[in-house]
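Biologist: I would like to go through this model with you. Shall we take helix packing, then the chain contact, then a sheet?

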Amino acid sequence: MRRAVLPLIPLIFSAIAGCTAGSGEGLDVSGRPLSEGGNVPLAPTLASVQANVFNPSCIVCHSGANAPQGLRLDAANSFTNLVGVGSRQDSSFLKVAPGQPDQSYLIQKLEGTASTGEQMPLGGPPIPQSTINFVRQWITDGALPDSGGPPITPPVVVSLTPAPDSVLGSFPADITAGFDQDIDASTINDMTFTLVRSGGDNTFSDGNEESIVPALLTLSAVNPRLAVMDLSGVSAVEDLYQVTLFGSGPNMILGMNGVALDGEYSGSFPSGDGTEGGDFVVEFEVQGIQPSLASIQGNIFGPTCSVAGCHSGPSGPNLPTGMDLSSENASFSSLINIASFEEPTIFRVAVGDADNSYLIDKLEGTSVQGSRMPLGGPFLDQATIDVVRLWIDSGAPR
Amino acid sequence: MSARIVITLRLLAVLLLSVLVLHQPAVAEPYLAIQKGLKCGMCHVSPSGGGKRTAYGNIFEQAEAAERTLDMGELWTGELGKYFAVGADLRGGWSQVDVPGQTKISDTELEEFLGYVEIRPFPRNLTIYVDAKLRPDDPFVREQYVRLSTADDGWYVQGGKFFLPYGLRLQDDDAFIRQVTGINFNTPDIGWQVGYEQGKWSAQFAVTRGSAGGPELDSGKQYSLRVAHVTNKWRVGGSFNFNDSKFGDRQMQNIFGGLRTGRVAWLAELNYIIDDGTPTGQRDSLVSLLEANVMLKKGHNLKFTFEYYDPDNDVSEDEQTRSSLVWEYFPIQFLQTRLGYRTYDGIPQNPAQNREELFLELHLPF
């Protein structure tokens, strides 16, 4: 039997020899029909970088719903996702820093000099340096979007952060809207890009809505396809929020061609119904942490601290289980004016004094003893810790 | 009948032929499982394969996979007591890539250093598991989850970060079936998984963020289902994955199988992918793999692999293939070598799709 099977291997593989590679006839370098745009000569332009780098080498992975790290590099998304956007792998760099190729994480990944992760394309041959040099030059020249006359199609929305219908654990620092083409900066203002909260009833039609006044509302200085609403200083309130980008009415967002936004949103990007005009209206919800024991218990102590084997009780002298944070009552009993085992001169929670509460030291990593909590991370962001501080400073009420 | 349909039918025929007609089995890095007729979870902590080896997996590697087993006293199991187990994988080597029209590129590097920790507070029921890249310039936690199991491991539920259950979990992340589907060792996701491992059945269902390792950007989830029927000589399974994304949904489905015919372990997988998130609207693609592993003698495996990728069913002449011949040699325990040649064939306009690779890899599994 074995002798009979071995010869089948070449037979099987020859059977599939019919599955040959394509001849490439009628296709560009990316394997797309020439009718979709065709080959573009190497040049320091986005169109050329898209056609000669992103399309043939990157989008086999970096496109669609399963794009690694959510980084989509297809033509509709590459500029918006790269230029002026921070790297997730190394937050000290922008993916593309206009004018600064050496400070652009994209270049570091292509050339294999990034501090973390593998050289791109992953598993493939590196892009020739002669080709990367065109990407460098495009960045040196300011990483501008496609040159040429403005498109005659209406602009559409291709992304929004936070995402439509998302539920957030904290109030966002900003809202960014990405478009498929350059936007007339003069049309990004508080009448065309608005944020409203429902007033607590999750409806936007009964008159109790509250308009949010942002700290700044502008088109990104380095990416004319990205509108940014800076929410610094805006009070975080748990509520349902509605974002509107106007493509109709007296004040509209316009492309550089003067054509109004095609904004209708039906659940997926890009927006639009194919004709000029129409508002982009979506909602997101903030279920942030509040400075109350119930909220802190539900958002921090419960899911983060009292997992099995950690601060899960029963209460007693043995750490970590003995510092029982498994319920509101247990947490209150374990924390309020209770001396720390590790640092007995300090209360875990000194009522009204967050700066002298050992809980804060442990969360912020400033304690003399032991490790920062949650043990092994990920650690709480400072905004979340500040909510705990606020609860303590306000008397740590039950 | 269009050429595309003919190709599709041919692939299906080959798959069915390898899985059913020859009627003998296969196991993949999975291939080792097929050669032995075992489930993935017999040798790996993950029931769908990959990551830390179990005590049995370590013993198998030393006693059965290696050509010679040097006397080192007792066998390494990774078990450091009832509650604790560790493991590691170190991979490095040399490779040469020849892209038409470009200078050949040679590279020698430490590719991967993985460490595993398994903590079992309640050895029969509760496992805490971490799988991390330890190379200083590439730190990354690949898996980090807690699993609650029934005492017989028949059912389990796990929450955290983990590799998604889908198809054959090949070690080669660059294989078309892993690269194109976007489900590989580089894209673990965060969520929950329920599994069933009973008798000849192995099944996993996961609900995860759907962001391929990135932060959650929408309220949509990714749903992954993998079901396999495993016998001593053959196995067959199917997977379904749906990623509900604001950036365009992706639906993937596959059938996969394994078959052992004497010394040959066969593997096959056929995927059909429907993408809504492309600039030109919906795009359907086809990607498949057929692999034969010939066990020349103990410690020597010769691997033939043929892969086929049609990026867009509506576009003709854009298909790509990837063929590999790899000699895998386990001279002694804890040491595996791979010497391989791989050739890509694609459209002539794109030199990278027509490259050749030669590689030598050293793998130290512990």
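Biologist: At what angle do helix H7 and helix H8 of chain A pack?

Modeller: Bear in mind that this is a predicted model. H7(A) covers residues 293-305 and H8(A) covers residues 328-335. Their axes lie 10 Å apart, and the packing angle is about 95°.

Biologist: How is the orientation of H7(A) and H8(A) to each other described?

Modeller: Angles of 65 to 115 degrees share one label. The angle here is about 95°. H7(A) and H8(A) are therefore roughly perpendicular.

Biologist: Which residues of H8(A) make the contact with H7(A)?

Modeller: H7(A) brings Leu293(A), Ala294(A), Gln297(A) and Phe301(A). By class, the contact has four nonpolar, two polar and one charged residues. From H8(A) come Glu328(A), Ser331(A) and Phe332(A).

Biologist: Why is H3(A) called roughly antiparallel to H6(A)?

Modeller: H3(A), residues 46-58, and H6(A), residues 129-140, have axes that come within 10 Å. The axes cross at roughly 150°. Angles over 145 degrees count as roughly antiparallel, so that crossing makes H3(A) and H6(A) roughly antiparallel.

Biologist: How many charged residues are in the contact of H3(A) with H6(A)?

Modeller: The crossing is left-handed. H3(A) contributes Leu46(A), Ser48(A), Val49(A), Asn52(A) and Val53(A), while H6(A) contributes Thr131(A), Phe134(A), Val135(A) and Trp138(A). Six of these residues are nonpolar and three are polar. The charged count is no residues.

Biologist: Which element supplies the largest share of the side of chain B that touches chain A?

Modeller: In the contact, 65 residues of chain B meet 61 residues of chain A. Elements of chain B that each supply at least two residues include helix H1 (3-21), strand S2 (105-122) and strand S14 (320-332). The side of chain B divides into 24 nonpolar, 25 polar and 16 charged residues. The largest share, five residues, comes from H1(B).

Biologist: Which strands stand at the edges of the four-stranded open sheet in chain A?

Modeller: The strand order is S1-S3-S7-S6, with antiparallel pairing. From one strand to the next, the twist averages 10°. Each edge strand has a single partner, so one side of each lacks a neighbour in the sheet. The edge strands are S1 (157-161) and S6 (216-219).

Biologist: Which residue in S7(A) stands opposite Ala177(A)?

Modeller: S3(A), residues 174-179, and S7(A), residues 226-230, run antiparallel. Five bridges join them. Opposite Ala177(A) stands Ala227(A).

Technical notes
Residues are numbered from 1 along each chain as its sequence is written. Chains are lettered from A and ligands numbered from 1 in the order in which they are written. This is a predicted model: local features need pLDDT of at least 70, side-chain atom pairs count only at pLDDT 80 or more; totals for chains, interfaces and linings use all residues. Axes are lines fitted to C-alpha atoms, for helices over the stretch in contact, and angles run from 0 to 180 degrees between N-to-C directions. Angles under 35 degrees count as roughly parallel, over 145 as roughly antiparallel, 65 to 115 as roughly perpendicular and the rest as oblique. A crossing is left-handed if the near helix is turned anticlockwise from the far one by less than a right angle, and right-handed if clockwise. Two residues are in contact if their C-beta atoms, placed from the backbone, lie within 7 Å. Ala, Val, Leu, Ile, Met, Phe, Trp, Tyr, Cys and Pro count as nonpolar, Asp, Glu, Lys and Arg as charged, and the others, Gly among them, as polar. Two strands pair if DSSP finds at least two bridges between them.
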